[in-house]
Amino acid sequence: MVRGSPVYSPLAANQLITLRALGLVLQLVLTFFGADAFGLSLQQGALVYIFGLELLFLGLTLKLRHALVLSAPGLFLSLLIDTLLWISWLYFSGGATNAFISLLLLPIAIAAVTLPSWAPWTLAAITTLAYSLMLYAVPAMEAGHHEHGGHMEAGSMASHYVGMWFNFLLSALVLTTSVALIARRLRQTDAELAALRESQLRQEQLIALGTASAQMSHQLATPLASLRLLLDEVAEGETEPQLVSEMDLALTRCETSLNSLREATEAIRERKLTVVSAGQLVHLLKQQVLLLMPDVVLDISLSDEVAAARLPTDVSLLPSLLALVDNGARASKKQGGEARVWLSARLVNEACIRLDIRDAGPGIDAQKLTALGARPVLSEQGLGMALMLSHASLERLGGELHLGNLPEGGCLASVRLPLEQSA
């Protein structure tokens, strides 16, 4: 179940129909066969109409049973009608003197387990009010009993009925408080378990992706070494120096990336954490942008107070931020302008810092916005693996990544990271 919005199944719908049918059968048996045994004061004419309404409602809910339980309002409406029908039957079969008046607690119990807290409280208020009104009519019934030779004193019976009413009130309070609280905690636990299972599946995907990356880095090591030898031979011959310089730069970048990948793999495996200031982190990010993306313009807004904030990181944090900057630069360039990205930082509170990476692109499609970063999503640039990896890396560090579109245009990637004292 999802917290605050329970999920109802077809099995639950069938169970409610079964309970409704059994309740109708019980009313029919008590009315036509057990009235004398249980001392029910029946008004046959009114009860016939009530049974007709209950049969009609039973047939309607049998046809619409799945649609009714798909939402909280639908289920509450069906329980409310059940409650009103039970109140009507009780009123015309003895009212507060009916020994089966405690069956009014059944809809409250169902609502307390399956619906938000407002539902059982509403049903409890309605049933308590109805019971109180029926209790108010008891003295007239008692007078009728004495006229027919009843032997129990009216005062004693009145105390008995008041005790039954008080017991009903306590039972309703227990259902609307304790049972509802237990059910809400169970729904929260189920939601946490579902989130844990989803996170575990995502981590398994990332482990597989990391294994593939490690394999690819191992496979790239040999051809890069061969290219280095070839470059040395070309440098000794008559070749344009600019071409040799470009090849050397490309090979250097590949070797640097492979070394970073090896270091990241070792650090993640050994769970190494280093504490750096926000200023140092932003400076390293700027250096990486200048080295790997020289055409990108990174505008940084960082106050001295924020720059001094210290946060625990590992080697996976910088590549995650670099991927967000790269995505922002691509989006800005897609709009026909320069590859410009804006980076700002601020302290959320004493335990958290927030980095905002903004671009001037067209924004993210609303249908893909919620899925990006959580699972692979097909786009023009690929499957969104960079965002997925960034999301997982930040989550492992205790951080969060939120994506959103700005009203003036562009996308905003907000990264929240814990500070040193709260890590």
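This is a predicted model: local features need pLDDT of at least 70, side-chain atom pairs count only at pLDDT 80 or more; totals for chains, interfaces and linings use all residues.
Visitor: How many cavities of 30 Å³ or more does the structure hold?

Guide: Rolling a probe the size of a water molecule over the atoms shows where empty space is left. Here the structure holds two cavities of 30 Å³ or more.

Visitor: Which residues lie nearest the centre of the largest cavity?

Guide: L19, R20, G23, D82 and W86 lie nearest the centre, out of 17 residues that line the largest cavity. Two or more lining residues come from each of these elements: α1 (10–32), α3 (44–63), α5 (72–91) and α6 (105–114). The most come from α1, which gives six residues.

Visitor: What classes of residue make up that lining?

Guide: The lining of the largest cavity has 12 nonpolar residues, two polar ones and three charged ones.

Visitor: How many disulfides are counted?

Guide: A disulfide is a covalent bond between the sulfur atoms of two cysteines. In this model the count is zero disulfides.

Visitor: Are C352 and C411 buried or exposed?

Guide: The cut-off for buried is under 20% relative accessible area. C352 has 13% relative accessibility, so C352 counts as buried. C411 is at 9% and therefore also counts as buried.

Visitor: How many salt bridges are there?

Guide: The criterion is a side-chain nitrogen of Lys or Arg within 4 Å of a carboxyl oxygen of Asp or Glu. By that rule the count comes to seven salt bridges.

Visitor: Which residue forms a salt bridge with D299, and where do the two partners lie?

Guide: The partner of D299 is R340, with the closest N and O atoms 2.5 Å apart. This pair links distant parts of the chain, 41 residues apart: R340 belongs to strand β4 (residues 340–349) and D299 to strand β2 (residues 297–301). D299 counts as partly exposed because its relative accessibility is 26%.

Visitor: What other salt bridge does R340 form?

Guide: The side chain of R340 also meets that of E338 in a salt bridge, at 2.6 Å from N to O. E338 is partly exposed, with a relative accessible area of 44%. Through shared partners, salt bridges join D299, E338 and R340 into one network.

Visitor: What does E420 pair with, and which parts does the pair tie together?

Guide: E420 forms a salt bridge with R310, and the closest N and O atoms are 3.4 Å apart. E420, at 39% relative accessibility, counts as partly exposed. R310 is partly exposed as well, with a relative accessible area of 40%.

Visitor: Where is S277, and what is it in contact with?

Guide: S277 is in strand β1 (residues 274–277). Its relative accessibility is 12%, so S277 counts as buried. With neighbours within four places in sequence left aside, S277 is in contact with A307, A308, A309, R310 and L311. R310 is also the salt-bridge partner of E420.

Visitor: Is I87 buried or exposed, and what does I87 touch?

Guide: I87 is found in helix α5, an element that gives residues to the lining of the largest cavity. At 14% relative accessibility, I87 counts as buried. Not counting residues up to four places away in sequence, I87 touches L104, I126, T127, A130 and M134. A C-alpha distance of 8.2 Å separates I87 from Y131, which is 44 residues away along the chain.

Terms used: Residues are numbered from 1 along each chain as its sequence is written. Side-chain values use heavy atoms; hydrogens and water are left out. On a 1 Å grid over the protein atoms alone, a cavity is a set of points where a 1.4 Å probe fits but cannot get out, and a pocket is an open set with protein on both sides within 12 Å along at least five of seven lines; lining residues have an atom within 4 Å of a point. Grid points are joined across faces, edges and corners, and a volume is the space filled by probe spheres set on the points. Helices (H or I, at least four residues) and strands (E, at least two) are DSSP runs, numbered from the N terminus. Ala, Val, Leu, Ile, Met, Phe, Trp, Tyr, Cys and Pro count as nonpolar, Asp, Glu, Lys and Arg as charged, and the others, Gly among them, as polar. A disulfide is a pair of cysteine sulfur atoms within 2.5 Å. Buried means under 20% relative accessible area, exposed over 50%, partly exposed in between (1.4 Å probe, protein chains only). Contact means heavy atoms within 4.5 Å.
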